[in-house]
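Hi everyone, thanks for making time today. I'd like to walk you through a structure that may be new to you, so let's bring it up on the screen.

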Amino acid sequence: MIRMPAAAAAAALVSLLTLVPGPGGHVDRGHRRPSDDYANLQVTVVGIVAAPSLGYLGESFYTLFGDQRRINVVSHSPAPAVGDRLEVTAKVGRRPPDEEFDFPPVLVESSRQPAP
């Protein structure tokens, strides 16, 4: 059994609520997403916190926007403020699709700092 911190559980719930199935109400598992190439890799991204952050017991979930893209971040640190420009180093979490959903990638933050 895998134990999931509260922030990760909130991230999973928010991700599920924002998903839209593909044509015909199902996920096309034959289509490979570019994010699949980054699964489980350590990456550094720069972006602006674009949506209200969720925080609970020192952990948080927030969305970064940059380069015309958005990505969700799970952190073991308190939530950043909307509008903060951050440089985030994180591991890319990518869960394979199941019968109903193609789960979006999520960054699991290992460090963050203000971006120049």
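A residue counts as buried when its relative accessible area is under 20%, as exposed when that area is over 50%, and as partly exposed in between. With that in mind, 29% of the 116 residues of this chain are buried. Please remember that what you see is a predicted model.

Let's start with the overall layout. The chain holds 1 helix and 6 strands, and reading along the sequence gives the pattern α-β-β-β-β-β-β. If we take the contacts between residues at least 6 apart in sequence, 63% of them join residues at least 24 apart.

Now let's zoom in on Glu59. Where does Glu59 lie? You'll find Glu59 in strand E3, which covers residues 59–66. Its relative accessible area is 17%, so Glu59 counts as buried under the 20% cut-off. Who are its partners? The Glu59 side chain makes a polar contact of 3.0 Å with the side chain of His76. Ser75 is 16 residues away from Glu59 in sequence, yet their C-alpha atoms are 5.7 Å apart in space.

One more stop: how many salt bridges are there? The count comes to 1. It joins the side chains of Glu109 and Arg112, with 2.9 Å from N to O.

Methods
Residues are numbered from 1 along each chain as its sequence is written. This is a predicted model: local features need pLDDT of at least 70, side-chain atom pairs count only at pLDDT 80 or more; totals for chains, interfaces and linings use all residues. Side-chain values use heavy atoms; hydrogens and water are left out. A salt bridge is a side-chain nitrogen of Lys or Arg within 4 Å of a carboxyl oxygen of Asp or Glu. Helices (H or I, at least four residues) and strands (E, at least two) are DSSP runs, numbered from the N terminus. Buried means under 20% relative accessible area, exposed over 50%, partly exposed in between (1.4 Å probe, protein chains only). Contact means heavy atoms within 4.5 Å. A polar contact is a pair of N or O atoms within 3.5 Å; within protein, one must be able to donate a hydrogen and the other to accept it, and residues adjacent in sequence count only if both atoms are side-chain atoms.
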